[in-house]
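Please go through this protein model with the text beside it.

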Amino acid sequence: MNIREIFDSMDYGPAPEGSSEALAWIANHKGRFGHWVGGRFTAPGETFATRNPANGQVLAEVTQGSAADVDAAVKAARGAQAKWARMPGFERAKVLYALARLVQKNARLLAVLETLDNGKPIREARDIDIPLVARHFYYHAGLAQLLDAELPGMEALGVCGAVIPWNFPLLMLAWKVAPALAAGNTVVLKPAEYTPLTALLFAELSVQAGLPKGVLNIVTGDGATGAALVDHPDVNKIAFTGSTSVGKKIRAATAGTGKALTLELGGKSPYIVFDDADLDSAIEGLVDAIWFNQGQVCCAGSRLLVQEGVAERFHEKLKRRMGDLRVGDPLDKCIDVGAVVDPVQLETITRLVEASDGEKFRAPCALPEGGCFCPPTLITGLSAASPLMQEEIFGPVLVSMTFRTPAEAVELANNTRYGLAATVWTENVNLALDIAPKIKAGVVWVNATNLFDAAAGFGGVRESGFGREGGWEGLLAYLKPSGQTKPLKPVAAVAAPSEPLVEGIDRTAKLFIGGKQARPDGGYSQAIYSAKGKLLGQVGIGNRKDIRNAVEAAHAAKGWGKATGALRGQVLYYLAENLSARASEFAGRLRDLTGRSGEEEVQTAIRRLFTYAAWADKYDGAAKSVPLRGVALAMNEPCGVVGIIAPDESPVLGAISLLAPAIAMGNTCVLVPSSVAPLAMTDFYQVLETSDVPGGVINIVTGPHGELAKTLAGHMDVDAVWCFGAGALSKTVESEAAGNVKRTWVNHGQATDWATAEGPAFLRAATEVKTIWVPYGEG
């Protein structure tokens, strides 16, 4: 083809990227790799092949990690951790800075190797992934420098296990490794079976950054290797990015172990286009949202919701644009869509598409022979209940349906078990900023999509996981309060005396659900005695139906989360005022229940209500400094319905120390009071009734902690559970929470000093960070 013919047709010619340097690096290792442990490669053991998905050719043989390999890596990490954590922040910052510079200096090599191993277009690896990798190490070098001054009283967790996916192999490494190292942890990383090569190259380069031996260790292998890392008893934290199904298994596997856990899981992200949107811009954004990285993106805008009035025109424009997409050799710089990572993934995508009952449109583009190529696909005519509108496909497949009103758009957007990301496209900024807070997602992009930066937290809600990666909030996931804790000594209930002292008129405390006193569903009650044998009263024994009713009441009170912080603060002040008026009564009740003076506990509880009344309108979000002409708003939102298992050792103060921050931040609660002194909090509902607390904001269900904690943690409509009970309750809560991957905050059987237990940690537990990206201007 000559120049004139090119101008006549305007066809793109090939623009291949050379792969010789990347292949030479593999050849220099004789095409076989061991693990990276203690600052060097181990001898290769039993191996498996990693292949180029564009042509099926073997790139290298990589070692299948065993439990013994994982153990060796963890020992190396443990041996290096204390010294690395003791280094001044400046010293760690220098190493992270050097890692960032090495990524930049080797950017082309890393990008080509990533494309060979993963199948993504070289333009994406070169222009998006690798620059973001460098940005994360630069940013976290700064956090390491500032850590001691900005987060005093915090320390590293220890050894962190990281398990990462194959869709962004090196970028996911950066998301896990950079904050872990900045905080003073050491790392054992298990890259995806399909895509281990860039992690191994990065490890080799890390020597040039002066990273001490053992600080970063990499063990390659399949899911069994990852499971061995998750199960290792000397790992302090697991950071996982991957499918929701595997995330649930990890949540269950780590339950009760005391390991910190962050999960960044699957998604079915809505892409909402209103009728006033710039349709051409929205279509270009949609191309990036769903066909970026062949749709193998957890936050891909795979669920298109178009306002009815423009839907037909939008779909026509979209189909024309799909016809211009180029599918082919990922190393060709002119290619838009590369290869799916593996034949197994391609088969899954194909099967799901063929089983769909919608109208299918496949982009009319030629597919290369011999690789894992899948045409960009649009499926219309689906209902909200269609499987492909609900299930993650993880491929270049877009499903679409229409809506009429903004309210319907929000309802459809939230009609999913996931909550990772969303896109809103409209020229009406008021509409955009009205819709964004209503969508259940950790990230919302306005008139843009797939914007990421190390300064802006990324992560999900619901079954998209918990925890954030990036920003200060991401760093906090790798830290813990300094100092040692002590085991919690269980508090025994007073046994029924042989001859109880009975005085006055019989009184049975009911449950408190939806702002009203309620008899327990089971019809059972329990006698509560003082240490001197006095019958203090009867208390209802709640069951799973009572929990169900309380959760329903909590959901019905969701307007509490929309109230202003000032209003919520005023209600907390009222609670403090009314508790103060009855302070002597509550102190007396505590004296009877516990045998010790209750004056100081009640007074501290009153002060705690004042603390969170003050915080209610002062726990501010942030405008993140991202490299964009626009703003990334980190907004603190309530978690939703929070189940609380209150401690036995401080029946009033412990319960109020947990209730107050939860409702101050806009959550509604189901409280299970102390099981040995429940009357202290059944008295409290009389304070609630006189303090303008809306019905359903605080619900109280008395009964045995073990049974009720299991029910609360397993309830699919509870968003978070806090448990500060004794014994094995923490394990019960974390195990049951795996059902919908709800957030948990537990004490792992360790004692809490309730006299001083307040502050930012409680506020962070009571909120989710939603990042709303709002570009502005013309460029």
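Helix α5 (residues 107-118) and helix α8 (residues 197-206) have axes that come within 9 Å and cross at roughly 155°. That angle makes α5 roughly antiparallel to α8. Helices here are DSSP runs of H or I with at least four residues, strands are runs of E with at least two, and both are numbered from the N terminus. An axis is a line fitted to C-alpha atoms, for helices over the stretch in contact, and angles run from 0 to 180 degrees between N-to-C directions. Angles under 35 degrees count as roughly parallel, over 145 as roughly antiparallel, 65 to 115 as roughly perpendicular, and the rest as oblique.

This is a predicted model, in which local features need pLDDT of at least 70 and side-chain atom pairs count only at pLDDT 80 or more, while totals for chains, interfaces and linings use all residues. Residues are numbered from 1 along each chain as its sequence is written, and side-chain values use heavy atoms, with hydrogens and water left out.

On the α5 side, Leu-109, Leu-110, Leu-113, Glu-114 and Asp-117 meet Leu-197, Thr-198 and Leu-201 of α8. Contact means heavy atoms within 4.5 Å. By class, the contact of α5 with α8 has five nonpolar, one polar and two charged residues. Ala, Val, Leu, Ile, Met, Phe, Trp, Tyr, Cys and Pro count as nonpolar, Asp, Glu, Lys and Arg as charged, and the others, Gly among them, as polar. Helix α8 is largely enclosed by the rest of the structure, because nine of its ten residues are buried. Buried means under 20% relative accessible area, exposed over 50%, and partly exposed in between, with a 1.4 Å probe and protein chains only. The buried residues of α8 are Leu-197, Thr-198, Ala-199, Leu-200, Leu-201, Phe-202, Ala-203, Leu-205 and Ser-206.

The axes of α19 (residues 565-581) and α21 (residues 599-615) come within 8 Å and cross at roughly 170°, which makes α19 roughly antiparallel to α21. Helix α19 contributes Gly-569, Leu-572, Tyr-573, Leu-575, Ala-576, Leu-579 and Ser-580 to the contact, and α21 contributes Ala-605, Ile-606, Leu-609, Phe-610, Tyr-612, Ala-613 and Ala-614. Of these residues, twelve are nonpolar, two polar and none charged.

Next come the record's annotations. In an unreviewed entry, UniProt lists residues 46-480 and 527-749 for "domain: Aldehyde dehydrogenase". UniProt positions are given in the numbering used here, feature names are shortened, and annotations may be inferred rather than shown by experiment. Residues 46-480 are 43% helix and 17% strand, and the end C-alpha atoms of that span lie 38 Å apart. For residues 527-749, the figures are 45% helix and 19% strand, with the end C-alpha atoms 27 Å apart.

Which residue does UniProt list for "active site"? The unreviewed entry gives Glu-264, and this residue lies in strand β11 (residues 260-264). Glu-264 is buried, with a relative accessible area of 3%. Asn-293 is buried, with a relative accessible area of 0%. Not counting residues up to four places away in sequence, Asn-293 touches Asn-118, Lys-120, Glu-124, Asn-167 and Phe-168.

Arg-32, in strand β1 (residues 32-33), counts as partly exposed at 37% relative accessibility. The C-alpha atoms of Arg-32 and Val-62 are separated by 5.9 Å, although these residues are 30 residues apart along the chain. Leaving aside neighbours within four places in sequence, Arg-32 is in contact with Pro-44, Gly-45, Thr-47 and Glu-61.

Ala-737 has its place in helix α26 (residues 729-737) and is buried, with a relative accessible area of 0%. Ala-737 and Met-716 are 21 residues apart in sequence and 8.7 Å apart in space, C-alpha to C-alpha. Beyond its neighbours within four places in sequence, Ala-737 is in contact with Arg-251, Ala-713, Lys-742 and Thr-744.

Two backbone angles remain. Most residues other than glycine have a negative phi. Val-741, in the loop between α26 and β32 (743-746), has a positive phi of about 55° although it is not a glycine. Val-741 counts as buried at 1% relative accessibility. Asn-450, also not a glycine, has a positive phi of about 50°. Asn-450 is found in the loop between β18 (443-446) and β19 (465-466) and counts as buried at 13% relative accessibility.
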